[in-house]
Amino acid sequence: QEYLSAINAANPALNAYVRLDPEATLAQARAADQRIAQGDAHPLAGVPFALKDIFCQQGWHSSCCSKTLDNFVAPYTATVVQNLLDCGMVALGRTNMDEFAMGSANETSFYGACKNPWHPQHTPGGSSGGSAAAVAARLAPAALGSDTGGSIRQPASHCGITGLKPTYGTVSRYGMVAYASSFDQAGPMAQTAEDCALLLNAMASSDPLDSTSLERGKEDYTRDLNRPLKGLKVGLPKEYFGEGLDAQVASALQNVINLLHQAGAQTIDVSLPQTELSIPAYYVLASAEASTNLSRYDGVRYGHRAARFADLEEMYSHSRAEGFGSEVKRRIMIGTYVLSHGYYDAYYVKAQKLRRMVADDFRNAFAQCDVILAPNAPTAAPLLGSSSDNPVQAYLSDIYTVSVNLAGLPALSLPAGQTNAGLPVGVQLVGTHFAEAALLGIAHQIQ
Ligand code: GLN
């Protein structure tokens, strides 16, 4: 009730939630109350959560903030959502996002942009902007996001909350609308690293319904929360600290470096030489996968179908022309181009080779250090409207986040201060595969 009335009051201006169903939410809350009264409840029972519009939830409109799926009611529930519901957690509603998770400012949403709760003229970041804004504005204690190329970490950073992108394969992708399947990974967003650890405990599972889900035993992600940081080696990649990094972001990083030193950690310089090439590699590969994944929206079985067409061909083309926004069309065109005969070797195969080189860069760096400290984005949250004016500039602002997805590594964004204008600034900790517990522990102790 408390959260629903807060949402009622703040959401019309913020636009963090795109769909609510108070009756369904309260019915879940009553069921959780009953389980708690019976004394056999999970510790998270009754805790409300918000979920990005990308996750299927049976009986709910699950639209991925696209006109194409505006009328789509999911016939089944994503495994990660089911895992939280099974604990007795209560779904508050569906949060705003860039259409099909393509964007960095939440501006490509069919339902309009979400605002940054700290500064309504600024973006909350994207694509999981609604989830980040909902948690920051205290309209949810926790939220689900997804990160294909930074979409959990960057909005968490811009909204002053904590977000974790787990190792690829940790959280099932079943029921999460596919953007670029070899990158997509769901993760928790909350105020603190401790909350993210508790959420990840509930979210992670091996899932026979997702062939890329990892077969690993249950882990306790809270296990290292208080593990001393003395002797920890933190790598600072020199390519991330140079030109293009805003001075106020650099000073937030310096604060974190000081805190790490105080806790007994040491910092060393490392190098990730392919950093600059990670942007073209990511945008070639993610667009290629997107063009394939989005071919399913043909207006035949579900999704938007044009009202007027002369033949089957026209039914496809009109439905897709009307259903997709311009950023999604741009990605489909890039992806189709790089996969086409004659360009496949020059772009797609080259980008795959670069992907391996980026992963090798991290492997070499982790031979010298335990974790890497980096910015999430070159600046604090930009003004609303700036990314739609200049899409290529928006792609370039993903420079510090996409390498992690190319390599499938875990990374966490934590709040680290604010700009003179009062906008939050976050920093990023990157670990080796399966280092989630260690990242959460470091963040917990310096937060
Ligand atoms: N800006 C990235 C993109 O548009 C972020 C995507 C994501 O992580 N979902 O591809």
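In the protein chain, which helix has the lowest confidence, and which the highest? Helix H12 (residues 386-389) is lowest, at a mean of 80, and helix H4 (residues 129-136) is highest, at 99. Confidence here is pLDDT, the predictor's score for each residue, from 0 to 100. The structure is a predicted model, in which local features need pLDDT of at least 70, side-chain atom pairs count only at pLDDT 80 or more, and totals for chains, interfaces and linings use all residues. Residues are numbered from 1 along each chain as its sequence is written. The protein chain averages a pLDDT of 97, and 100% of the residues score at least 70. The model scores ipTM 0.98 and pTM 0.98.

An open sheet of eleven strands runs in the order E1-E3-E2-E4-E6-E5-E10-E11-E9-E7-E8. Its pairing is mixed. Strands (E, at least two residues) and helices (H or I, at least four) are DSSP runs, numbered from the N terminus. Two strands pair if DSSP finds at least two bridges between them. Strands E1 (17-20) and E8 (266-270) each have a single partner strand, so one side of each lacks a neighbour in the sheet. Neighbouring strands are turned by 30 degrees against each other on average, direction ignored. Strand E7 (residues 233-237) and strand E9 (residues 371-375) run parallel and are joined by two bridges. Gly235 has Ile372 in E9 as its bridge partner.

Helix H15 (residues 436-446) packs on this sheet. H15 touches strands E5 (162-165), E9, E10 (411-418) and E11 (424-430), and its direction makes about 10 degrees with that of E10. Angles run from 0 to 180 degrees between N-to-C directions, and axes are lines fitted to C-alpha atoms, for helices over the stretch in contact.

H15 also packs against helix H6 (residues 193-203), at an angle of about 155 degrees and with the axes 8 Å apart. The two helices are therefore roughly antiparallel. Angles under 35 degrees count as roughly parallel, over 145 as roughly antiparallel, 65 to 115 as roughly perpendicular and the rest as oblique. Ala193, Glu194, Cys196, Ala197 and Leu200 of H6 meet Glu436, Leu440, Ala443 and His444 of H15. Contact requires C-beta atoms, placed from the backbone, to lie within 7 Å.

Helices H8 (residues 275-293) and H11 (residues 344-366) form another pair. Their axes come within 9 Å and cross at roughly 125 degrees. H8 and H11 are therefore oblique to each other. Among the residues in contact, Val284 and Leu285 belong to H8, and Leu354 and Val358 to H11.

Notes:
Two residues are in contact if their C-beta atoms, placed from the backbone, lie within 7 Å.
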